[in-house]
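Subject: Structure handover and findings

Hello,

Please find the structure below, for your files. My notes on it follow directly after.

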Amino acid sequence: QYMCWANQFFDTVIKQCRDVASGGATQKIDIPFDAYMKVAQLSELHIDADYIFIDEAQDMTACQAALFWGEHQRSGKVIYLFGDKHQQLYRFRGASTSFE
């Protein structure tokens, strides 16, 4: 039963994210930040930029690290990570040493 609910929730999140991306969303999306980050990561969202600057990189989750500097983003880009490994404030929400 949980898997059925999770699949339905994920399908709703994907639809809402696609509506926003296409410019068709006219209302507030009621999903948490981590949910749409996960959709972007799983969809291997391409960031169309030559340079990517990531501040507070020490607080990235594995999902964010894969999205912003994973294999699908690295080609033809320069990616700068800025952070301080002694300032990890968001370990409670999954931030790790992915910065290193």
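E71 is exposed, with a relative accessible area of 64%; the classes used here are buried for under 20% relative accessible area, exposed for over 50%, and partly exposed in between, with a 1.4 Å probe and protein chains only. The side chain of E71 meets that of R74 in a salt bridge, at 3.4 Å from N to O. A salt bridge here is a side-chain nitrogen of Lys or Arg within 4 Å of a carboxyl oxygen of Asp or Glu. The structure holds one salt bridge. E71 and R74 are separated by about one helical turn, because they are three residues apart in helix α4 (residues 71-74). R74 counts as partly exposed, at 40% relative accessibility.

This is a predicted model, in which local features need pLDDT of at least 70 and side-chain atom pairs count only at pLDDT 80 or more, while totals for chains, interfaces and linings use all residues. Residues are numbered from 1 along each chain as its sequence is written, and side-chain values use heavy atoms, with hydrogens and water left out.

Overall layout

The chain has four helices and two strands, in the order α-α-β-α-α-β along the sequence. Helices (H or I, at least four residues) and strands (E, at least two) are DSSP runs, numbered from the N terminus. Of the 100 residues of the chain, 27% count as buried. In α2, the buried residues are A35, M37, V39, A40 and Q41. D34 also lies in helix α2, but is partly exposed, with a relative accessible area of 40%.

Largest pocket

The largest pocket holds about 290 Å³ of space. The search ran on a 1 Å grid over the protein atoms alone: a pocket is an open set of points where a 1.4 Å probe fits, with protein on both sides within 12 Å along at least five of seven lines, and lining residues have an atom within 4 Å of a point. Grid points are joined across faces, edges and corners, and the volume is the space filled by probe spheres set on the points.

The lining has 13 residues, of which C17, R18, Y36, V39 and A40 are the closest to the centre of the pocket. The most come from α1, with five residues. By type, the lining divides into eleven nonpolar residues, one polar and one charged.

Nonpolar surface patch

Y51, F53, V78, Y80 and F82 form a nonpolar patch on the surface, with about 510 Å² of accessible area together. Patch members have over 30% relative accessible area and no salt bridge, and nonpolar side chains (Val, Leu, Ile, Met, Phe, Trp, Tyr) are joined within 5 Å. Areas come from the Shrake-Rupley method with a 1.4 Å probe, and for residues only the protein chains shown count as cover. Strands β1 (51-54) and β2 (78-81) each supply at least two residues of the patch. F53, in strand β1, is exposed, with a relative accessible area of 55%.

Loops and backbone

Which residue just after α2 takes a positive phi? E44 does, at about 50°. E44 lies in the loop between α2 and β1 and counts as exposed, at 52% relative accessibility. E56 has a positive phi near 55°, in a residue other than glycine. E56 lies in the loop between β1 and α3 (62-69) and counts as partly exposed, at 39% relative accessibility.

L45 is placed in the loop between α2 and β1 and counts as partly exposed, at 43% relative accessibility. K77, in the loop between α4 and β2, counts as buried, at 13% relative accessibility.

Contacts across the sequence

- L45 and Q73 are 28 residues apart along the chain and separated by 8.5 Å.
- D34 and C63 are 29 residues apart in sequence and 8.6 Å apart in space.
- K77 and D48 are 29 residues apart along the chain and separated by 9.3 Å.

Regards

Note on methods. Ala, Val, Leu, Ile, Met, Phe, Trp, Tyr, Cys and Pro count as nonpolar, Asp, Glu, Lys and Arg as charged, and the others, Gly among them, as polar. Patches are made of residues with over 30% relative accessible area and no salt bridge: like charges are joined within 9 Å, nonpolar side chains (Val, Leu, Ile, Met, Phe, Trp, Tyr) within 5 Å.
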